[in-house]
Amino acid sequence: VQLQASGGGLVQPGESLRLSCAGSGRIFSINGMGWYRQAPGKERELVALSTGSIRRYAASVEGRFTISRDSKGLLSLQMNSLKPEDTAVYYCYAVAGDQTYWGQGTQVTVSS
């Protein structure tokens, strides 16, 4: 499984961004996908996950971020009402069997 993340950028507080993560290879073997983020000087944290019909979000993004996934392996993260504290490198991941695959990070910067 290979993952390619895109969609990061620089936005002002209150604006929106949509991240995408395109999967290729043995995507039929994927049983879970999600997003982590890592801010400078902080540990990587789970932002959102999608497993079957289950969606889970970090408390800090609940109600502002929406994770979605289609049958072709495209994972999206719609991020609304962005805050400066959302600034981080965002990484998508996929779980297939006992393997976890990672996409390259995409930078999200929220600043006025």
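Which side chain meets that of Glu45 in a salt bridge? I began with this pair in the predicted model, and found that the partner of Glu45 is Arg37, with 2.6 Å from N to O.

I then looked up how accessible the two residues are. Glu45 is partly exposed at a relative accessible area of 33%, whereas Arg37 has a relative accessibility of 5% and counts as buried, because the cut-off for that word is under 20%.

Next I followed Arg37 to another partner, and noted a salt bridge with Asp86 in which the closest N and O atoms are 3.0 Å apart. This pair links distant parts of the chain, since Arg37 sits in strand 4 (residues 32–38) and Asp86 in the loop between strand 8 (74–79) and strand 9 (88–96), 49 residues apart. For Asp86 I wrote down a relative accessibility of 1%, at which the residue counts as buried.

From Asp86 I went on to Arg64, whose side chain meets that of Asp86 in a salt bridge of 2.8 Å, N to O. Here too distant parts of the chain are linked: Arg64 lies in the loop between strand 6 (54–57) and strand 7 (65–69), 22 residues from Asp86 in the loop between strand 8 and strand 9. I checked burial for this pair as well, and both Arg64 and Asp86 are buried.

Finally I put the pairs together. The structure holds three salt bridges, and through shared partners salt bridges join Arg37, Glu45, Arg64 and Asp86 into one network. As a reminder to myself, side chains of opposite charge can pair when their charged atoms come close.

Definitions and conventions: Residues are numbered from 1 along each chain as its sequence is written. This is a predicted model: local features need pLDDT of at least 70, side-chain atom pairs count only at pLDDT 80 or more; totals for chains, interfaces and linings use all residues. Side-chain values use heavy atoms; hydrogens and water are left out. A salt bridge is a side-chain nitrogen of Lys or Arg within 4 Å of a carboxyl oxygen of Asp or Glu. Buried means under 20% relative accessible area, exposed over 50%, partly exposed in between (1.4 Å probe, protein chains only). Helices (H or I, at least four residues) and strands (E, at least two) are DSSP runs, numbered from the N terminus.
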